[in-house]
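Here are my notes on this one, for you to read with the model open.

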Amino acid sequence: MKHSTRRSFLGSSSTILALPFLESLGFSRFSKAADLPVPAKRMVFLSVGWGVTRETWFPDKKQTGTDYDLPKGLAPLSKYKEDITVIQNLQHRFSNEAHWGSTFWLTGANRYGVPGQSFHNTVSADQVAAEHLGRETRFTSIQLNGKKAEGHGPGLSLAWNQQGKPVPGLDTPVELYHRLFSDETTPMEQRQAMLKQKRSVLDTVLEDARSVQKGLTSTDKDKLNEYFQSIREIEVRLAKEEEWLEVPKRLPQTPVKEPAAGLKGYEEIKMMYDLMIAAMQVDSSRVFTYRMPTDSLISSLGATISSHNMSHYTSGERQEVSEMRDQSHAKLLAHFIGKLKSSREADGSSLYDNTAVTFGSNINSIHHLNNCPTLLTGGGAGIRHGRHLVMDDPKTPLCNLWLSLLNGSGINVESHGDSTGKIDQLFA
Amino acid sequence: MLLFVMYRNFAMWSQLLRFCLFSNFFLSGFVSAKDQVHHGQMPEAHFAVLEKYCLDCHDASTEKGGVNLEDLSFKMDHIASAELWQKVLNVTNSGEMPPEDKKQITDAEKTDFLADLSNQLVVARKALSDTGGVITMRRLNRREYENTIESLLGVKIKAEDLPDDSNSGGFDTTGSALFFSSDQFEQYLKIAERALDKAITFGPRPETIVKRIELETYAEPRIRKMADAHLKVFERAEAWRNSGGKLPTEFGFIDEDRIDFEVSQYERNYPTFLAYLNHPDSKTGMPLYNFFRGCTGPVVTLPSKHETGNYKIRARIAVLNDSVPEHRKYIEYGSITTGSKPGVINVEGFRKIRGTMEDPEVIELDYSPGDSGNFSFMIREKHINQAEATKRFFIQSLAKTNLGPPPSLWVDWVEWEGPFYEDWPSQAHKQLFVRKQKKQELADYHQRVIENFAKRAFRTKEPAPAFLEKLNKVYHDEINYGKKPIEALKKALSIILASPGFLYLNEPVFQKDHRKLSDRELAVRLSYFLWSGPPDAELLKSAKSGDLKNDSELQKQTARMLRDERADEFIAAFTHQWLHMERLDFFQFNYLKYPQFDESTKESARREVYETIKASILEGRPIRELLKSDHLVINNLLADYYGIEGVEGEAYRRVKVPPGLPRGGLPGMAAVMAMGSDGERSSPVERGAWILRSLLNDAPPPAPANVPQLSRLDGKQLSAREMQKAHQEEPQCAQCHRKIDPLGFGLENFDAVGLWRTAEVFQLSKAEQRKAKQSGKPTNLKIPIDASGTMPDGSEFSDFFELRDRIAERDEAFARGFVENLIEYALGRPFGFSDYDLADHLMEQARAKDYAMSEFIFGVVLSKRFKLK
């Protein structure tokens, strides 16, 4: 059983890592069989640029609770209607950028929140989660991107670090595959030497950074801090790499093949989903974000217009493309849910039971930023699914959802972004 | 902060005070002179709107929803007040407020209220994010990084894995928006190692070889093979058909569907293959046919080694006959991938062919394979660079003639010669490997190489000894791990190229707010401004000698640098960002509607803008000529595109505009018009907004969020005029569109790709087409263009030419917009209120020279601010 081996390894190698170990033990008291390892909590955030087709994606606001009709845009999810929740009336109060579907989606920050700066962001929910859920895994979190970020706004992925700076992501399924499963063929001794060399590279550039730092203005020092911070991140990653050096990368039971190069659009997203599942199966990371491509998706569906053009739909071709995009996403999501459900954990539960998935965007559709489209699935955060929820307050902070999901996944932060409290209805 | 608290305290008196005094006047005693001048300010008159429609629920005592508009300052000088005004704008835009059951704001009131509010919010945002003149230390952006590596190592690299840096909203030189990530660090190391591998060239100079390919021996067998394959399958299908009901499997087919498919393939392709083989000129060369699967032409594979070398590609080409139209006399060339994803074409240039079958011409192309991996060199007829388009054109032709499109060009042979090197070992190699002293140990020598390179990479700044020591340690460690000395050296050198001293343009001030730049720093700032790259030896020499301190020398260097071809980088990058030319790449142009607007045409059109501005700068022409001119700066392709005769050759040059032709100046350039479209239709809104933003320096506020879309327009074909009427219906739209749309109408004579038209043609919907056919009416709708309209100040124009005159009259506004952008680009930070003085000063200086762009460039460089950290 991988968990016990992982823990014993980590427990022996580092004291910092003892905490999650104990936490997990605490949890396990409530599990059915105390000696079975408790499956880990996982979080997945999936964002679509440009939002959705509002006319056909949202369920009728009058039908709430369990008895509601899935609209056309979500129809491919009908098989899993019991396993999803659509929640309406969430929004970010500071969002004014009509083309930025992802920049503030997981942060809720105020772009102009700091005087003298024309852009400001804060930590994203996934990175808050990663700090807790990422301690025991090879990769603290995994960020995925479509190569072009149309409709998502500035950023390198959905993730923003503790300093509110963009976190880079992997652009292709091939890169993700290699990150997850490529096995090092280099002998151990040489790999240790390489790690050591990497450290002395960092050490060397830090030496230069320190001399550059001398005499800089405070603004310039802040700028250079991004450099220091990046080097520190690599150091942390190297430390982790070292801990994991002797643990070979595991392959999932159903083997995954290296994806073909150049997958685009529908097939690309599907492959990313499959690889995320495989990563969860071998527990190489527990926090995933994916900033999904739209141009390549719709062109793979046969559209000849750009996604930006599509997003300004009126009834006719552009709306048809927009709806087709929604349905494809629903189909892909159904595929993802199916795989989550059929992947067994050690205790007999499924990946689905232990993962909290959010699908959505900061943009509702066109230039609308209210009622951010939000679809939840997975049992990781303890949400009672199968319902359509419409919040009473049409401006309920989207950050209340992030807080609820974080808390529900065992991360006891008190607030996130501009949250005002948890959304109790989700759990009732 | 203090001010804010005070203001809140006495704000409760404000309603009373408002009737006696204007709050900004009253407040002026409390604020510093700087704050007083620049902030968003809602005109007090709009208090009437708040009072009439909002205060019932949102006054100081009711504060419904926690919103108190009574005490809201009309001066947006704090984030809090700006936020609340933003909220007011948002709910008014979305129609959420006033609530449905309450009294509604009249359209006229709402339009004016929203117009002022959205514009003032832009001012407020700008004021509140003003850096107060601080220039944030700048990381080399991607372009600068590529150029700097090229200058150091002589290797052209494509750093595509680095972030593109041009999406931050401002210029890519804005230090505060140039972030750094751990991922990037690793990329820098990787790219540096790759570049060093190429730059270091030991061994003998590779031999230059010539290889010629006679194309009849190259092309004919390939096409015959395909033709034969089709024929054989077809014959098998025929055999099955005549077999009297035997199973398809007996003839090698899975089923009858497969047979149908193969036969259809045969019918589509075979006749054109046969036509090729029967073409008399296929016996002596290669007629450039376009087949269903692609446009053919010779593909030349160069040896994979020595990628840094240059090659000459020659081809003997002719136009097949007299009936070939001008626009089909072009070949284009570039690379075609051969690796795991073969067939992707990257067009790099074109040539117009004048040779005839009696007298073919030999063209010679320079080609440098450069850094990237697996590809070959290709030549073909100029064509839309989309496989889909090739297929559609083939099928269109098939419907008419049973054959694919007839060829227009013929190639006799192709040859390549290379590789050529300017120097061997390369200049970069020689610079890297300084002279070795006699009896010097290799390790000591390498240490010197490292030191020398570090200093060059740091733009002559001495690297810290501790840093050099650590580099040396890395070098020795590598050797201890069993690496060859040269590999250890590369490792150490690559680290230098990922260090802050190289990656950042750092200007320490040592506890002062501002200080004068050192001569070296000034040289660096100047070269990254005008070349997007490091200073050359001459500029460094001028800095070192102290000459650069003198304005006359600084001016001389600036003039020299502008004439250098490296300044093309500044002109292209600055222009691209200043005029928002990224829109040219936003959309794919509909190739069925606009078959002429292919890759080469688009790139030529893009370059027309750059070349026109370059010529204007180098010749010191009045800036007005960019708005209206009797000259164009074009090449042969654009001359054909615009319908101008007698322009031969690919070089850009000044050409007189023939009388009556609607060209000359930015309005009317194909690239500008194409930017103002979505690839299908012209967009008067985009074009109008562009004129306001880029030409009249009067940018409209950003597209607002949550404005209800005009759903009654769904699916209707509307002329530009009808669209405008719709925009005037709702105050939320009218507030901006009343200003934007009329300007766009003035350009409606240009279609989506900038060609002149007199009517807009709409395809009717399918149902309407059916109806029209039954009653014998045309299936499309022609609406004549009416290009009359008004300028924002109410002056009128009746057509494009008058619109252009109106714009050209406002050359001062254009110049002001230019100089503000130039200051922002040059200083690497948003143009702020603290720069107004400089902009005013430069305007005044340049007025006598009709605002020549060169005057502004010199003015910025010579300004105090440019010489200050």
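1. Let's begin with chain A. The centres of its domain 1 and domain 2, taken over C-alpha atoms, are 30 Å apart. Chain A is split into domain 1 (1-30), domain 2 (39-182 + 259-426) and domain 3 (184-247), with bounds that come from an automatic or database domain assignment.

2. A word on what we're looking at. This is a predicted model, in which local features need pLDDT of at least 70 and side-chain atom pairs count only at pLDDT 80 or more, while totals for chains, interfaces and linings use all residues. Residues are numbered from 1 along each chain as its sequence is written, and chains are lettered from A and ligands numbered from 1 in the order in which they are written.

3. On confidence: the predictor gives the complex an ipTM of 0.83 and a pTM of 0.84. Chain B averages a pLDDT (the predictor's confidence in each residue, from 0 to 100) of 88, and 93% of its residues score at least 70. Residues 1-36 of chain B are below 50, and this stretch has 26 contacts in the model beyond near neighbours in sequence; a contact here means two C-beta atoms, placed from the backbone, within 7 Å. Where pLDDT is low, the predicted coordinates should not be read in detail.

4. The chain has 33 helices and 21 strands, which are DSSP runs numbered from the N terminus (helices H or I, at least four residues; strands E, at least two).

5. Now the interface. On the chain B side 58 residues are in contact with 54 residues of chain A. Which helix of chain B gives the most to that side? It is α16(B), with seven residues. By class, the side of chain B that touches chain A has 31 nonpolar, 18 polar and nine charged residues (Ala, Val, Leu, Ile, Met, Phe, Trp, Tyr, Cys and Pro are nonpolar, Asp, Glu, Lys and Arg charged, and the others, Gly among them, polar).

6. α16(B) deserves a look of its own. Its buried residues are Phe467(B), Leu468(B), Lys470(B), Leu471(B), Val474(B), Tyr475(B) and Glu478(B). Seen down the axis of α16(B), they fall within an arc of 165°, so they line one face of the helix; the arc is that of the directions from the helix axis to the C-beta atoms. These buried residues pack against α6 (188-213) of chain A, and also against α15 (442-457) and α17 (485-496) of chain B. Exposed Pro465(B) and Asn480(B) sit on the face of α16(B) turned away from its buried side. After the helix comes Gly482(B), with a positive phi near 95°.

7. Two cis peptide bonds to check in chain B. Gly418(B) and Pro419(B) are joined by one, with omega about -5°, and Pro419(B) is in strand β14 (residues 409-420). The bond from Trp424(B) to Pro425(B) is cis too, with omega near -10°; Pro425(B) is in the loop between β14 and α14 (427-432).

8. Asn402(B) is not a glycine, yet its phi is positive, about 70°. It counts as exposed because it has 12 C-beta neighbours inside 10 Å.

Conventions
A residue is buried if 20 or more other C-beta atoms lie within 10 Å of its own, exposed if 12 or fewer, and partly exposed in between; C-beta atoms are placed from the backbone.
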